[in-house]
Amino acid sequence: MTSETSISDDQPAQMTQDDRFVIHLDEQTSLTCSKDKTLLESLEAQQVDVHYHCREGFCGACRTKLLEGEVEYVTDPLAFIDDDEILPCCCVPVSDLKIRLA
Amino acid sequence: MKYTTFNQQNSNPLAEPMFFGNPVNVARYDQQKHQIFEKLIEKQISFFWRPEEVDVSKDRVDFQKLSDSEKHIFISNLKYQTLLDSVQGRSPNIAFLPIVSLPELETWIETWSFFETIHSRSYTHILRNLFSDPSAVFEDIVLNEEIRRRATDISRYYDDLIFLTQLWQTQGEGMHQVDGVTYPVNLRELKKKLYLCMNSVNALEAIRFYVSFACTFAFAERELMEGNSKIIRLIARDENLHLTSTQHILNLWARGKDDPQMQEIAEECQDEARAIFMNAVEQEKQWAEYLFQHGSMIGLNKDILCQYVEFIANHRMAAIGLDTPFEVKSNPLPWMNNYLNSDNVQVAPQESEISSYLVGQIDSEVSVDDFGDFDL
């Protein structure tokens, strides 16, 4: 695992302002996510319905369009993803995001 | 081109296409043209499991309690799954290994097929537990009209590719006559057969298993046949990985990241590829109808199951760059996700006590904290 994209378990519990990002789902809906949970977990915690199967990056069921912003993978994604797609089950936001759920 | 088990011509595997280049010689994985296949091998091996590890003995009692229509659903699904894995346990090896050109892909195909054989063995494990003599169930697989119709469609594309490859490898390119039929054999025709075959396999892994999976998990939702459900969860996890591999292959071709001629063929045959998928969807819906012909089961009926097939099909078709032809927007069987989630898959017993399993292992990771109470 490369150190740049991995997040260790012993991350400090208290979140700073820098670790919280705004996720835009469409023109009207946006929510705040932090870096300590995967994007899928954050969306679920805020009652956003996302299709998933494996939650480990190998099946591709949660494949989502990334329109703006950047994510980092905590697990190497094995499922096929296009250049403009992300797998929310195994990534965390590193900037504000604009995404379109399937 | 004649097949050779060790191609003595020096070829550069980094410059070869996935298929129909030079035959593989050295099985080396230090360098890879398409890294993804090496990663899939690692992942698949980490999933290793044995059917005997799963206790299915309680299922026998549950099975006696099922109604006749539920027994029909349960046994028919096992028959269909047995057929699918009988095909998948041998066909990728026979069809793809003679024409593969990358060592990492060659090993992925072998690993993939091997896991399908674990699935086949697990059906015997399940059936042996339910019946003192499961022969009648196995024998019906080649007699049952509904299953035969599916077998024809599933094996057709494999058989076409295998036959043409055999002609090409023994007689070379040209027009070849076999039993009064003339077959044009050339590389483009072979690649076309390969493209259609890969689409058929992709549809199989993407759609065909899921009606059966849904029925198995619907029983488990009622706390019935839970041993069987544990096994099917392990199978579903493997099938998800196999699907990922066929999606990668199709997308590598379509995006021109492998063989430029395959990109042309992908464009040319897109309608045919779509038809293969739509046909699989249609057959699965007919299968749902056959399953429920004697009555539904609690929590599941034909209509919900057909909607689920459409929902899954939309996702799977989008993944290989096709349109999403069905209206279903939300998942009609949301509880399926709980069963398809790999976190919920029970680990093998010998792995749950990691300390004893990994005898002689050394933890080589050292963090700064380990030196916390260290003084000079």
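**View 1. Strand β3 (64-68) of chain A and helix α12 (302-319) of chain B each supply at least two residues of the lining of the largest pocket.** The model shown here and in the views below is predicted. The largest share of this lining, 6 residues, comes from α12(B). About 900 Å³ of space lies in the largest pocket. It is lined by 35 residues, and those closest to its centre are Ala61(A), Arg63(A), Leu101(A), Ala102(A) and His315(B). Sorted by class, the lining holds 14 nonpolar, 11 polar and 10 charged residues.

**View 2. Phe63(B) and Phe74(B) form an aromatic pair.** Over all chains, a search of the whole structure finds 21 aromatic pairs. In the pair formed by Phe63(B) and Phe74(B), the rings are 5.9 Å apart from centre to centre, with 55° between the planes, and the pair is tilted. Phe63(B) belongs to helix α2 (residues 57-65) of chain B and Phe74(B) to helix α3 (residues 68-96) of chain B, so the pair ties together parts that are 11 residues apart in sequence. Both Phe63(B) and Phe74(B) are buried.

**View 3. Six residues of chain B form one aromatic cluster.** The cluster is made up of Phe209(B), Tyr210(B), Phe213(B), Phe217(B), Trp335(B) and Tyr339(B).

**View 4. The charged end of Arg55(A) sits over the ring of Tyr52(A).** This charged end is 4.5 Å from the centre of the Tyr52(A) ring.

**View 5. The ring of Phe47(B) has the charged end of Arg237(B) over it.** From the centre of the Phe47(B) ring to the charged end of Arg237(B) is 4.0 Å.

Conventions. Residues numbered from 1 in each chain as written. Chains lettered and ligands numbered in written order. Predicted model: local features only at pLDDT ≥ 70, side-chain atom pairs only at ≥ 80, totals over all residues. Heavy atoms only, no water. Phe/Tyr/Trp six-rings, centres within 6.5 Å; stacked < 30°, edge-to-face > 60°. Helix = DSSP H or I, 4+ residues; strand = E, 2+ residues; numbered from the N terminus. Buried < 20%, exposed > 50% of the residue type's maximum accessible area, 1.4 Å probe, protein only. Lys NZ or Arg CZ within 6 Å of the ring centre and 35° of its normal. 1 Å grid on protein atoms, 1.4 Å probe; cavity = no way out; pocket = protein on both sides within 12 Å on 5 of 7 lines; lining within 4 Å. Points joined across faces, edges and corners; volume = space filled by probe spheres on them. Nonpolar A, V, L, I, M, F, W, Y, C, P; charged D, E, K, R; others polar.
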